[in-house]
Amino acid sequence: MGILHEDVVVINQAKKAGEPTVITVNCPDKTGLGCDLCRVILLFGLSICRGDVSTDGKWCYIVFWVVGKPNTRWNLLTKRLLEVCPSYLSTSGIFYYHPENQQPKPPDVFLLEFWCSYEREGLLHDVTEVLCELELTIHRVKVSTTPDGRVMDLFFVTDTRELLHAKRRQDETILCLKAVLGDALLSCKIELAGSEVTACSQGSPCLPSAITEEIFSLELPNGRLSISVASNPISVTVDNNLSPSHTLVQIFCQDHKGLVYDIMRTLKDYNIQVSYGRFYASPKGNCEVDLFIMQADGKKIVDPNKQNALCSRLRMELLRPLRVAVVSRGPDTELVVANPVELSGRGRPLVFYDITHALKVLKTHIFSVKIGKHMIQDREWEVYRILLDEGVGYSVPRNKIEEGVRNKLMGWE
């Protein structure tokens, strides 16, 4: 007998304000399932305040207590969580695993072009918010202002629902943009981006040395099991004595947005299976994590070099899950934000949304945006390069911009 399809993911919404919503997942297991589920939860703007994970290697039972936006579309969240569960994919005729020599077809890239009669504060964030609600992923943005004050925005996007080629979906997108931009919107059109346009949108694969030195210079010394930077104590320890078949990893650190995702993403990249896990974030902002893990061969981690490598990577991902810096670009100012890319090729969700939100609060205008993936120090990073418009009005100190963007990305507002 199999489990009922509707019982794979069950969401019990909070009955009172301030209480968490409980998400239960009951399905066949796969390495990296926890990462995929946490990524979807983060994509919907929710934070995990508590979690329990258990599996026998074939079947898993996961419970997340989450808090976040009151207007969360729970039915859509259920659907997106189902899509990463092996049971849902097998019953839907969709196969999650691809042969190594057969890569999935990349999604079509569309060019969204619109003109506004004037530039206003927070315009780019308001548009970004609309596109996120529509499940359109932004890959590049170009903002231009004409001498008469009109603004042209170009967005290169892909559609999670894979429907943007249809007129109905395009009309829905344009209608939503009109609702937020109002009379300022002069024109708007959506078209499939040609291969030459898509190639140009990727930008240069190389980053200036000033940027790489500024945001990728911090390395943790080997052998240290805890580190404290900027009053953010982090402890990562391993223990092979409490279980005959599993390695226990214990983590104590300050909570931040996407913390559980960062841990599970790291373990997925190392091809490590979590057999049992417990997460708890206290109201004071401290987080405790216990994970009983094993390698892909079903054995505990006994090699000291492997232990040190895993602990070092976890400490770094918890200390600096994102890199933020404000640098000079000739006479101009550029905000640079970078986050590591999963081995599957996916970047961190909602980074551009949070960046534009922070800049809107700081009353800082954006001139142009470049988003690209770069290999740096043997790892792939998704890098956002945002040229700031400091030409008129109030100018925010660079350290305030860096602090404001980092706090927003980390959920420390």
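A crossing is left-handed if the near helix is turned anticlockwise from the far one by less than a right angle, and right-handed if clockwise. This is a predicted model, where local features need pLDDT of at least 70, side-chain atom pairs count only at pLDDT 80 or more, and totals for chains, interfaces and linings use all residues. Residues are numbered from 1 along each chain as its sequence is written, and side-chain values use heavy atoms, without hydrogens and water.

**Helix pair.** Helices are DSSP runs (H or I, at least four residues) and strands are E runs of at least two, numbered from the N terminus. α10 passes α11 in a right-handed crossing. Their axes, lines fitted to C-alpha atoms over the stretch in contact, lie 9 Å apart at an angle of about 135°. That makes α10 oblique to α11; angles under 35 degrees count as roughly parallel, over 145 as roughly antiparallel, 65 to 115 as roughly perpendicular and the rest as oblique.

| Helix | Residues | Contact residues (heavy atoms within 4.5 Å) |
|---|---|---|
| α10 | 351–361 | V351, D354, I355, H357, A358, L359 |
| α11 | 398–410 | I401, G404, V405, K408, L409 |

**Helix α8.** Ten of the eleven residues in α8 (259–269) are buried, meaning under 20% relative accessible area with a 1.4 Å probe, protein chains only. Among them are Y261, D262 and R265. Just after α8, N271 takes a positive phi of about 60°.

**Q295.** This residue sits in the loop between β13 (286–294) and α9 (304–319). Q295 counts as buried because its relative accessibility is 19%. Beyond four places in sequence, Q295 is in contact with N271, K300, I301 and K306. The C-alpha atoms of Q295 and Y270 are separated by 8.5 Å.

Technical notes. Axes fitted to C-alpha atoms, helices over the stretch in contact; angles between N-to-C directions. Buried < 20%, exposed > 50% of the residue type's maximum accessible area, 1.4 Å probe, protein only.
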